[in-house]
Amino acid sequence: MRERMERILFAEETIQRRVKDIGKAISADYQTAGAAKDIEHRPLIAVCILQGAVMFMADLMRTIEIPVEYDFMSISSYGSSTSPGAVRLLQDLSHSITGRDVLIVEDIVDTGFTANYIKRGLLARNPASFRICTLLDKPFRREETIEMDYVGFFLEEDLFVVGYGMDYAGVYRNLPYIALLKPEYRRH
Ligand code: PRP
């Protein structure tokens, strides 16, 4: 698939190095820096937002050095010009998060609609703490304000990226790097 890519933005080694740094920061924050607020000291719950965050979640979890449980959530955006930012829950968590420390793992935050929908919905369940980690952040695309706690890389240009979880029409998620797809492959 490499020949279909115009340019590689983040190489595999670059991503892996950054993921390790984030994993270290998360481990330190929840172990010693007071991010953990669950008074019963139960493990952190890491929530992978399907499908894009699967690869990031799998790599990130291997770099985390504190006890952690997984959960998964699937969200669909069906925003249109008449209802921009409309978001719908496809698959809910399997754990109760009340009183628990929750860390959302996303691949990319763009307008912020999805992350805000998740945040509103999960805060209503009264977790002990709530943080969001995203591999990519496009802050200039934000339509709703939302703070990220951990960001892998900022994208300052409006580039359509694929790989490392991100797709075009459902494919290219399995690339180990993040790249720009050539225009001739963006039509179908
Ligand atoms: C992507 C990404 C985020 C969302 C961010 O998901 O994984 O969940 O878009 O966009 P926003 O900030 O504008 O809401 P997508 O709908 O592409 O689904 P996928 O993860 O299954 O590819």
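Me: What classes of residue does the lining of the second largest pocket have?
Reply: There are six nonpolar, two polar and three charged residues in that lining. Nonpolar here covers Ala, Val, Leu, Ile, Met, Phe, Trp, Tyr, Cys and Pro, charged covers Asp, Glu, Lys and Arg, and the others, Gly among them, are polar. This is a predicted model, where local features need pLDDT of at least 70 and side-chain atom pairs count only at pLDDT 80 or more, while totals for chains, interfaces and linings use all residues. Residues are numbered from 1 along each chain as its sequence is written, and side-chain values use heavy atoms, with hydrogens and water left out.

Me: Which residues line the second largest pocket?
Reply: Its lining consists of Y30, Q31, A36, D38, H41, R42, P43, L44, I66, P67 and D101. A pocket is an open set of points on a 1 Å grid over the protein atoms alone where a 1.4 Å probe fits, with protein on both sides within 12 Å along at least five of seven lines, and lining residues have an atom within 4 Å of a point.

Me: And how much space lies in it?
Reply: The second largest pocket holds about 180 Å³. The volume is the space filled by probe spheres set on the grid points, which are joined across faces, edges and corners.

Me: What volume does the largest pocket have?
Reply: About 920 Å³. The largest pocket has 31 lining residues, and S77, D107, I108, D110 and T114 lie nearest its centre. Two or more lining residues come from each of strand 2 (44-50), strand 3 (68-77), strand 4 (87-91), strand 5 (101-109) and helix 3 (113-123). Helices (H or I, at least four residues) and strands (E, at least two) are DSSP runs, numbered from the N terminus.

Me: What is the split by class for the largest pocket?
Reply: Its lining has 14 nonpolar, 10 polar and seven charged residues.

Me: Now the ligand. Which residues come nearest?
Reply: E106, D107, T111, G112 and T114, out of 15 residues around the ligand. To be counted, a residue needs a heavy atom within 4 Å of the molecule.

Me: Which ligand atom type does the polar side-chain atom of D107 lie 2.5 Å from?
Reply: An oxygen atom of the ligand. T114 also has a side-chain N or O atom 2.5 Å from a ligand oxygen. For D110 a backbone N or O atom lies 2.8 Å from an oxygen atom of the ligand. A polar contact is a pair of N or O atoms within 3.5 Å; within protein, one must be able to donate a hydrogen and the other to accept it, and residues adjacent in sequence count only if both atoms are side-chain atoms.

Me: Helix 3, then. Which residues are buried there?
Reply: F113, A115, N116, I118 and L122 are buried in helix 3. Buried means under 20% relative accessible area, exposed over 50% and partly exposed in between, with a 1.4 Å probe and protein chains only. These buried residues pack against strands 2, 3, 4 and 5, and strand 6 (129-137), where packing is contact between heavy atoms within 4.5 Å.

Me: F130 is in strand 6. What does F130 touch?
Reply: Not counting residues up to four places away in sequence, F130 touches V102, I104, K119, L122, L123 and D149. F130 counts as buried because its relative accessibility is 15%.

Me: Back to D59. Buried or exposed?
Reply: D59 is buried, with a relative accessible area of 13%. D59 sits in helix 2 (residues 54-63), and its side chain makes a polar contact of 2.9 Å with the side chain of Q16. Beyond four places in sequence, D59 touches Q16, V19 and Y164.

Me: What covers the buried residues of helix 2?
Reply: The cover includes helix 1 (12-31), strand 2, strand 3, strand 5 and strand 6.

Me: Backbone geometry now. Where is the cis peptide bond?
Reply: L50 and Q51 are joined by a cis peptide bond, with omega about -5 degrees. Q51 is in the loop between strand 2 and helix 2.

Me: What is phi of A169?
Reply: A169, not a glycine, has a positive phi of about 50 degrees. Y172, another residue other than glycine, has phi near 80 degrees. Most residues other than glycine have a negative phi, and most peptide bonds are trans.

Me: A169: buried or exposed?
Reply: A169 counts as exposed, at 60% relative accessibility. Y172 counts as buried, at 3%. A169 is in the loop between strand 8 (161-162) and strand 9 (178-181), and Y172 is in the loop between strand 8 and strand 9.
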